[in-house]
Amino acid sequence: MKSQKIYLCLFFAAIVMLIQSPVYAADTTVELTGEIAYIPIAGGLYGIIGDDGQKYQPTNLPRELRKDGLPVKFNAITRKDSFTTVMWGTVIEIKTIKKISPAISSAERSAIRVLLQRLEAFNTKDIKKLQQIDTVSQSLSPEQFYDWIGKFHTFTLRYVEITRQDASSISGVCIYTRQTNDPAMAAGPNMAYLNFTLDRTKDGWKLTKSSSDSVPYTLPAIKAKALEKYKTDDLSTLWQ
């Protein structure tokens with residue numbers, strides 16, 4: 001009887017400890033481009049505004065990179081179990097970080113990021129991945145999605161140009177190529193010209209409008225433009 005009471009006491013104590021112990025969300029890996037930002041609060045701190053539209057507060061930003069407006073690429077782990085005196089953005093622990101070319105604006109980097117995710121969803125035929133960043137596609141069924149892109153593969157983003165931007169919206173055009181095994185269409189890589197608009201949401205930048213148009217360039221011409229602007233004609237390799 002005595003041992004039973006001891007067991008019950010231990011059992012209820014364990015339940016109380018579970019109730020009182022904080023439960024933290026699992027840490028996740030973040031790999032992004034963005035810009036260092038000086039935040040003039042609480043004596044000042046340096047954060048990163050990611051090209052996904054989110055704010056990140058690093059716990060270990062190297063001193064030599066603490067320069068407002070500096071474009072960087074970083075790999076980090078979110079630290080949801082960490083708290084700072086100033087709650088600004090998601091707390092992260094940087095694993096690797098490096099400076100990148102300032103020649104490409106933050107708006108263009110954000111657009112490139114979303115457009116690369118869109119083409120990766122095309123390459124993997126993954127409608128759920130597409131619908132996470134492309135609100136235009138959210139009304140598509142899996143069958144409609146496959147009918148739309150099923151004949152194509154190897155989608156490659158070649159060129160992006162921003163035509164309008166503000167704090168909440170980015171508009172522009174992009175050119176990408178795609179290949180096909182359909183004999184009727186396989187004369188060479190097919191080029192596509194896309195007008196797009198991105199809007200900033202609470203979950204970051206999303207593609208909200210898109211329309212196709214005729215391509216005003218030949219493939220050699222667009223590759224030459226890309227090489228001149230980016231030093232590559234495959235934008236998935238930009239920050240490797």
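**Stop 1: a salt bridge on the way in**

Select Asp166, which is partly exposed at a relative accessible area of 41%; buried means under 20% relative accessible area, exposed over 50%, and partly exposed in between, computed with a 1.4 Å probe on protein chains only. A salt bridge here is a side-chain nitrogen of Lys or Arg within 4 Å of a carboxyl oxygen of Asp or Glu.

Before moving on, note that this is a predicted model, in which local features need pLDDT of at least 70 and side-chain atom pairs count only at pLDDT 80 or more, while totals for chains, interfaces and linings use all residues. Residues are numbered from 1 along each chain as its sequence is written, and side-chain values use heavy atoms, with hydrogens and water left out.

**Stop 2: more charged pairs**

Side chains of opposite charge can pair when their charged atoms come close. How many salt bridges does the count come to? It comes to 12.

Select Lys151 and Asp182, whose side chains meet in a salt bridge at 3.8 Å, N to O. Lys151 lies in the loop between helix H4 (142-149) and strand E6 (152-165), and Asp182 in the loop between strand E7 (169-180) and strand E8 (190-201), so the pair ties together parts that are 31 residues apart in sequence. Helices (H or I, at least four residues) and strands (E, at least two) are DSSP runs, numbered from the N terminus. Lys151 is exposed, at 53%, whereas Asp182 is partly exposed, at 21%.

Next, select Asp27, Arg79, Glu93 and Lys95, which are linked in a network of salt bridges.

Then go to Lys229 and Glu108, a salt bridge with its closest N and O atoms 2.9 Å apart. This pair links distant parts of the chain, with Lys229 in helix H5 (residues 219-230) and Glu108 in helix H2 (residues 106-124), 121 residues apart.

**Stop 3: helix H2 and the cores**

Colour H2. This helix has 19 residues and reaches 27 Å from its first C-alpha to its last, close to the 27 Å expected; the expected span is 1.5 Å times one less than the number of residues. Its buried residues include Ala107, Ile112, Leu115 and Phe122. After H2 comes Lys125, with a positive phi near 55 degrees.

Now show the largest nonpolar core, which has 40 residues. Such a core is a set of buried Ala, Val, Leu, Ile, Met, Phe, Trp, Tyr and Cys residues joined through side-chain atoms within 4.5 Å. H2 gives the most to this core, with 8 residues. Among the residues with the most contacts inside the core are Leu157, Phe196 and Tyr230.

Select Tyr230: setting aside neighbours within four places in sequence, its contacts (heavy atoms within 4.5 Å) include Glu108, Ile112, Val160 and Leu238. A second, separate core of 14 residues includes Leu65, Leu70, Val72 and Ile97.

**Stop 4: Lys73**

Finish at Lys73, in strand E4 (residues 71-78). Its side chain reaches the backbone oxygen of Trp239 at 2.9 Å. Not counting residues up to four places away in sequence, Lys73 touches residues including Glu31, Thr96, Ile97 and Gln240.

Key: A polar contact is a pair of N or O atoms within 3.5 Å; within protein, one must be able to donate a hydrogen and the other to accept it, and residues adjacent in sequence count only if both atoms are side-chain atoms.
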